[in-house]
Amino acid sequence: MKTSTDGNVSLVQLRRKESLVSADIEPPEILLERARALAVPATRPAAAPRPHGRTRELTRRGVLWLGQTCNLRCHFCYFLDRIEDKEHPEHPFMSLEKAQEICRTLVEFYGNDAIDIQGGEPTIWRDIHALIKYCAGIGLAPTLITNALVLDKRDKAQQFKDSGVADFLVSVQGLGKAHDLAVGVSGAHVRQMRALNHLIALDVPFRVNCVMSKLAVPQLPAIARLSVELGARAVNFLAFNPFADQRKEGARTAENVPRYGDLRGPLDEALDVLAQAGVEANVRYLPHCIVPERHWPSVYNYQQLSYDPHEWDFASWTWTNKGPQRMRAGAVSPPVPLGARPRLGRLRQPLLRLADAIDLRGRMLRADTDPRLGPVMRKLEGLSYRLFRRRGDRDAAYRHDALNRVEHNGYQKGAGCQRCALRDICDGFHGDYVAMFGTDEARPVLDRAPVSDPRAFISAQDKVAPARGEA
Ligand code: SF4
């Protein structure tokens with residue numbers, strides 16, 4: 001990292017500490033009132049009917065990371081270190097040509113019909129409008145995952161509508177100062193509310209993402225109420241996850257990670273607000289037993305993700321997550337089939353720690369662009385995929401891949417989980433959470449036979465129909 005402030009404390013560490021300063025945050029009701037005044041336009045178009053469905057098929061949505069360049073510094077961001085480090089291979093935005101090639105592969109090889117475009121922050125990328133038009137033209141309905149700062153100007157929002165954006169997934173990380181502290185930029189909340197005002201007035205559909213950080217937790221019911229009033233198509237509550245850069249030593253601590261016992265009440269109330277209003281709610285990466293049974297149709301662990309049309313296809317996600325598809329330098333790598341990751345069991349976490357310690361990903365990214373090493377690495381990769389590829393039932397392959405992801409991310413199950421009827425469809429607790437707080441908050445489900453179908457509860461959820469691409 002080249003961003004040390006005093007040689008000892010990096011800006012990233014500083015951000016994580018700043019995010020804990022929660023003094024002077026006004027009560028949620030007052031912040032909700034103020035947000036409403038900013039975000040609700042004087043006149044709004046009549047709400048169009050929103051088709052819903054209960055079909056749970058494998059998702060065909062892909063994902064693209066344009067580069068880890070952003071105008072905010074969310075303390076829980078999976079890529080916070082790469083965003084701060086301008087010399088990281090994944091930091092700069094890629095070229096339009098490379099992004100188009102990735103999108104074309106998502107359609108032609110993986111059969112995807114929708115895409116989540118992320119940056120960092122995709123709205124600040126020079127070529128975003130050309131890419132939106134390109135995606136819409138090849139049958140890939142484009143969603144932008146955004147903090148929405150750029151959209152606080154009406155003409156900017158109009159431009160995105162004109163380009164053919166399918167919808168926005170807006171990251172509402174709190175209300176008022178809570179949002180500003182979580183994202184590290186003063187005034188971000190006000191700009192975001194103005195942006196939502198424009199989207200509503202222009203009749204551009206949007207959904208809401210909210211990471212359940214310590215700052216956001218007390219505000220979850222207010223965020224749900226605001227989302228209902230603004231006409232959000234869906235609201236996602238995500239755990240603060242130990243993924244990517246947040247896996248690193250010292251990133252998640254007992255100080256900045258909310259206890260499940262503390263988020264249970266506000267989350268339950270927020271889900272009730274959304275259910276009563278008929279707005280789709282999704283809870284991601286949280287054990288089932290942390291929410292009451294009436295809300296299990298909204299709970300998505302790895303086993304359920306593949307059946308959510310707003311989530312990513314594990315097959316194409318595996319490919320776009322590879323270094324060559326996430327950095328400006330070098331060519332894209334050949335597409336790979338699903339399920340080629342071997343299970344490593346208990347060896348996985350020590351090997352991952354070793355890989356982090358020697359910056360294996362960074363080394364491989366640099367080697368990939370080397371004219372001599374790059375082609376050899378790709379041959380080896382192709383060989384390993386042929387060796388490990390799983391054949392047979394497609395749903396089973398996705399379930400197996402879900403297990404790999406659970407293993408990769410170091411989830412753990414406590415003694416109670418071994419008796420729980422949901423143990424085959426629930427991921428359990430994050431490994432570092434167990435180290436910090438244990439598993440006493442688990443409430444094993446003992447009143448029924450073991451549940452093995454990942455769609456058992458989510459099949460009862462009304463989901464808003466996603467935009468699908470038409471070539
Ligand atoms: S498997 Fe464990 S974490 Fe998941 S619902 Fe059951 S008791 Fe809770």
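Helix axes here are lines fitted to C-alpha atoms over the stretch in contact, and their angles run from 0 to 180 degrees between N-to-C directions. Helices (H or I, at least four residues) and strands (E, at least two) are DSSP runs, numbered from the N terminus. This is a predicted model, in which local features need pLDDT of at least 70 and side-chain atom pairs count only at pLDDT 80 or more, while totals for chains, interfaces and linings use all residues. Residues are numbered from 1 along each chain as its sequence is written.

**View 1. Helix α9 beside helix α10.** The axes of α9 (residues 220-230) and α10 (residues 260-277) come within 7 Å and cross at roughly 15°. That angle makes α9 roughly parallel to α10, because angles under 35 degrees count as roughly parallel, over 145 as roughly antiparallel, 65 to 115 as roughly perpendicular and the rest as oblique. Look for Leu-220, Pro-221, Ile-223, Ala-224, Arg-225 and Val-228 on the α9 side of the contact, and for residues including Pro-266, Leu-267, Val-273 and Ala-277 on the α10 side. Two residues are in contact if their C-beta atoms, placed from the backbone, lie within 7 Å. The contact of α9 with α10 divides into 11 nonpolar, no polar and 2 charged residues. Ala, Val, Leu, Ile, Met, Phe, Trp, Tyr, Cys and Pro count as nonpolar, Asp, Glu, Lys and Arg as charged, and the others, Gly among them, as polar.

**View 2. Helix α2 against helix α9.** Here α2 (residues 28-39) packs with α9 at an angle of about 20°, their axes 10 Å apart. This makes α2 roughly parallel to α9. From α2, Pro-28, Glu-29, Leu-31, Leu-32, Ala-35, Arg-36 and Ala-39 meet Ala-222, Arg-225, Leu-226, Glu-229 and Leu-230 of α9. Sorted by class, the contact of α2 with α9 holds 8 nonpolar, no polar and 4 charged residues.

**View 3. Helix α2 against helix α8.** The axes of α2 and α8 come within 7 Å, crossing at roughly 45°, and that makes α2 oblique to α8. In this view Ala-35, Leu-38 and Ala-39 of α2 meet Val-190, Met-193, Arg-194, Leu-196 and Asn-197 of α8. Their classes are 6 nonpolar, 1 polar and 1 charged.

**View 4. Two spots in loops.** Between β3 (114-118) and α5 (128-138) lies the loop that holds Gly-120. The peptide bond from Gly-119 to Gly-120 is cis, with omega near 0°. Another loop, between α8 (188-201) and β6 (206-211), contains Asp-203. Although Asp-203 is not a glycine, its phi is positive, at about 60°.

View 5. Of the 14 residues around the ligand, Pro-287, Cys-289, Cys-417, Cys-420 and Cys-426 come nearest. A residue is near a molecule or strand if its C-beta atom, placed from the backbone, lies within 6 Å of it. The shell around the ligand has 9 nonpolar, 3 polar and 2 charged residues.

**View 6. Confidence along the chain.** The protein averages a pLDDT (the predictor's confidence in each residue, from 0 to 100) of 89, and 89% of the residues score at least 70. Over residues 1-9, the pLDDT is below 50, and this stretch has 15 contacts in the model beyond near neighbours in sequence.
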